[in-house]
Amino acid sequence: MSTSLVVLFFTIGLLLSLLETRAYAYIDPGTGSYLFQIMVASLIGAGFAIKTYWSRIKKFVKNLLRKNSS
Amino acid sequence: MMSPNWVAEAGSFRDPNGFVFYRDGTVYRQLNRKHEDNYHRLVNSGLYESLVESKLLVPHKEVDVPPADRDDCFKIIQPERIPFLSYIHEWCFSQLKDAALVTLRIQKKALDFGMSLRDCSAYNIQFMECRPVLIDTLSFGIHEEGQPWGAYRQFCQHFLAPLMLMSRLDVRLNQLCVTELDGIPLHLARTLLSHRVYTSWPAFLHIYLHARFEDYYSTRIVPKDRSAGRFSHYSFRGLIDSLENAVMRLKLKQRSSQWLTYAAEGQSYSDDSFDHKVQTVKAYLDKCKPTEVWDLGSNTGVFSRVASESASRIIAFDQDPYCVEANYLQVKPDRANILPLVLNLSNPTPAIGWENQERRSLLQRASADTVLALALIHHLAITNNLPLPKLASFFAKICRWLIIEFVPKDDPKVQLLLTNREDIFPRYTIAAFEHEFGRLFSIETRTEIRSCKRTLFLMQRLPSS
């Protein structure tokens, strides 16, 4: 993993740790997990869609570049 | 109303959709009315058939037996019986990894059929013919489009967190599951992984951020509309794909241990004496005609493979997770009838969970026809200070036939054990061994191993013991 990504994760982590809350509460911790999935849904979904259609995207871009150059 | 003559499975009570029970020694699962639609979808959609065909789900048949709880019963099914239930804290790294990947494969297949796993407990996965299979038919629920995965947190706690800890920190950290019944809590995994959560995307996403959200919302009430229907098909597939990639990338850093090289180096036997030992063990096994053999202190399973020619099931226990790993990787391609498991005999798996009954201890789960205890007794007696009468009593509890090797005090390996300590074992002699074991077993035959000071014994438990 590149150093810049490590620095990015670390910075996000540091910022989140400023909002630290300790969790020994009554509410089911599953709620956080549920909302977390919704929060990252678009990121994960977009990543998966790109991965699934990667070969088609590549082909499309190649064709586009070929048309432009000719 | 409850029917008589049935016994509830002590570890099957948390799911309101049904439970496991036993009647006349046969295992059944009651499906409650609440689960009717889910079961119909599982069977009628073709998902059940597809999973059983791929050997991902334990097969069952619908039976007409009196239900355990008549008031709520929709159907009784009889699943194929799992010969020996093993637990996450007894698995080596690759067993847990394979169990995780099978769970995700099942989830992907379930989504194809409009269903989803309602829970993701590692206790729902068991090994049959060295293959992880899901045993909980009740786990499947109809997937509501737009809903996130309800079992995501449990998957991370039961599979991803222990695998990451085993891979990045120490292979023994799945032992935390002995005290953490519902997998390793994410905030604990986050603390233990420390700065490592910043060096990998899966650890950052599925452990660190996930734990942060869990902590944050555990003290806040969330309006219902905030958590409704925003998880697309691509997001769901993406989540499973992300978890699958995370699990697949995890590897064990260290691959070797003192015990892993022990058998390969053949330190205790010449070729001739080793061959003699193998032939003697085979001859003893022919006499016992066992169905199930437990190979205690199996190392990488050399004698488990010898025993597998005579018995239909072998459980190969060793305390070294690297030996169990090597054994599992060796037997896995052949789908052999050997189940390698991690077990420290001087501190065997305890009973855990509600009333100490949800997950059974080793001795509560089963016993074997025949036990192999080869090159083991000196480690128990000398390294662990276990007196011979206690050892005899333990073996009498777990087996009918015992094939045991006595390693005398003048053996180089025992001398090595005594190098840096006082010899406080005047009773550790072959005469005392025969005397103490003779109280509980009849000694059928004994063979001195050629060119070696060790002796093999074949013993049968006395009817009175």
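Colleague: Which residue is the bridge partner of B:Ile403 in E16(B)?
Modeller: The partner is B:Leu458. This is a predicted model, where local features need pLDDT of at least 70 and side-chain atom pairs pLDDT 80 or more, while totals for chains, interfaces and linings use all residues. Residues count from 1 along each chain's written sequence, chains are lettered from A and ligands numbered from 1 in written order, and side-chain values use heavy atoms, without hydrogens or water.

Colleague: In which sense do strands E14 and E16 of chain B pair, parallel or antiparallel?
Modeller: E14 (residues 399-406) and E16 (residues 455-461) of chain B pair in the antiparallel sense over six bridges. Pairing requires at least two DSSP bridges, and a strand is a DSSP run of E, at least two residues, numbered from the N terminus.

Colleague: What is the strand order in the open sheet of chain B?
Modeller: Its seven strands run E12-E11-E10-E13-E14-E16-E15, with mixed pairing.

Colleague: And which are the edge strands?
Modeller: Strands E12 (338-342) and E15 (441-448) of chain B, each of which pairs on one side only.

Colleague: Changing topic, how many disulfides are there over all chains?
Modeller: The structure holds zero disulfides, a disulfide being two cysteine sulfur atoms within 2.5 Å.

Colleague: Is B:Cys452 buried or exposed?
Modeller: B:Cys452 counts as buried because its relative accessibility is 19%; the cut-off is under 20% relative accessible area (1.4 Å probe, protein chains only). B:Cys323, at 0%, also counts as buried.

How values were computed: Helices (H or I, at least four residues) and strands (E, at least two) are DSSP runs, numbered from the N terminus. Buried means under 20% relative accessible area, exposed over 50%, partly exposed in between (1.4 Å probe, protein chains only).
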